[in-house]
Amino acid sequence: MGGTEHLTVQREGATLVLTLNRPQARNALSLPMLVGLHDGWLEADADDSVRSIVLTGAGGSFCSGMDLKALAGNGMAGEEYRDRLKADPDLHWKAMLRHHRPRKPVIAAVEGYCVAGGTEMLQGTDIRVAAESATFGLFEVRRGLFPIGGSTVRLPRQIPRTHALEMLLTGRSYSAHEAAAIGLVGHVVPDGTALAKALEISERINSCGPLAVEAVKASVYEAAEMTESDGLAAELTRGWPVFGTADAKEGARAFAEKRPPVYKRA
């Protein structure tokens, strides 16, 4: 199991939990964090015993975005990982889910700050849970920067355009309840319980047929780039083969026998 000094990896049953672990900097992005995230996504994709992923942060924050001290020329932690970036110049975008979509569902568990690059990375997750005191926002324009992690493309596709443009153009902060009201997050829970709620959701996902779950996720994102007629055709292409799997037969038998199904990805 991977991980770095700024990214911890652990298993909770069939769920892989990735924890941004730089609490003294409100989990600002660093090279060790980006490398750990990149490797974590690949580990989850490669391991069929992993059925879902939870992304969270240590120390009461999710992610405060780019390390502005490093941007100002004060150096970024983890220079020993620089060779990883040289070997794959796209690694940081894959880590932040801009250029990589894990095939397993990704659930975000947000406490505290989830701003700038944190909100950008959030848009690459599938299901989102926020603690009541969580803070969201894309602050880049306030600092003369551009939210280049994908927000000008993704955000208007995920929430109403008027809300997306207000978030992008004002750079103001949003409370968890505001984020839920505009559809950026799906759940608001008491402080300190976001991870527990995310794991609860992941357990529900893990109890379902893994081949079906992965096909459904893939179909949703694939169809989002298509016309409705093309999307419906693509859905049949992905969906029909699932009905012929051993997992589908097991699901039917378990229902008839009134017992929990035992899926084997077959």
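Okay, a definition to start: two strands pair if DSSP finds at least two bridges between them. Strands here are DSSP runs of E, at least two residues long, and helices are runs of H or I, at least four, with numbering from the N terminus.

This is a predicted model, where local features need pLDDT of at least 70, side-chain atom pairs count only at pLDDT 80 or more, and totals for chains, interfaces and linings use all residues. Residues are numbered from 1 along each chain as its sequence is written, and side-chain values use heavy atoms, with hydrogens and water left out.

So, let's look at strand S6, residues 127-131. Strand S4 (residues 106-110) runs parallel to S6, with 4 bridges, and Ile107 has Ile127 of S6 as its bridge partner. S6 also pairs in the parallel sense with strand S9, residues 187-189, over 3 bridges. There, Ala130 sits opposite Val188 of S9. Because 4 of its 5 residues are buried, S6 is largely enclosed by the rest of the structure; buried means under 20% relative accessible area with a 1.4 Å probe, protein chains only.

How many cavities of 30 Å³ or more does the structure hold? There's 1. A cavity is a set of points on a 1 Å grid, over the protein atoms alone, where a 1.4 Å probe fits but cannot get out; lining residues have an atom within 4 Å of a point.

Lining the largest cavity are Arg51, Lys104, Ile205, Cys208, Pro210, Val213 and Glu214. Helix H10, residues 210-223, gives the largest share of that lining, 3 residues.

Notes
Buried < 20%, exposed > 50% of the residue type's maximum accessible area, 1.4 Å probe, protein only. 1 Å grid on protein atoms, 1.4 Å probe; cavity = no way out; pocket = protein on both sides within 12 Å on 5 of 7 lines; lining within 4 Å. Points joined across faces, edges and corners; volume = space filled by probe spheres on them.
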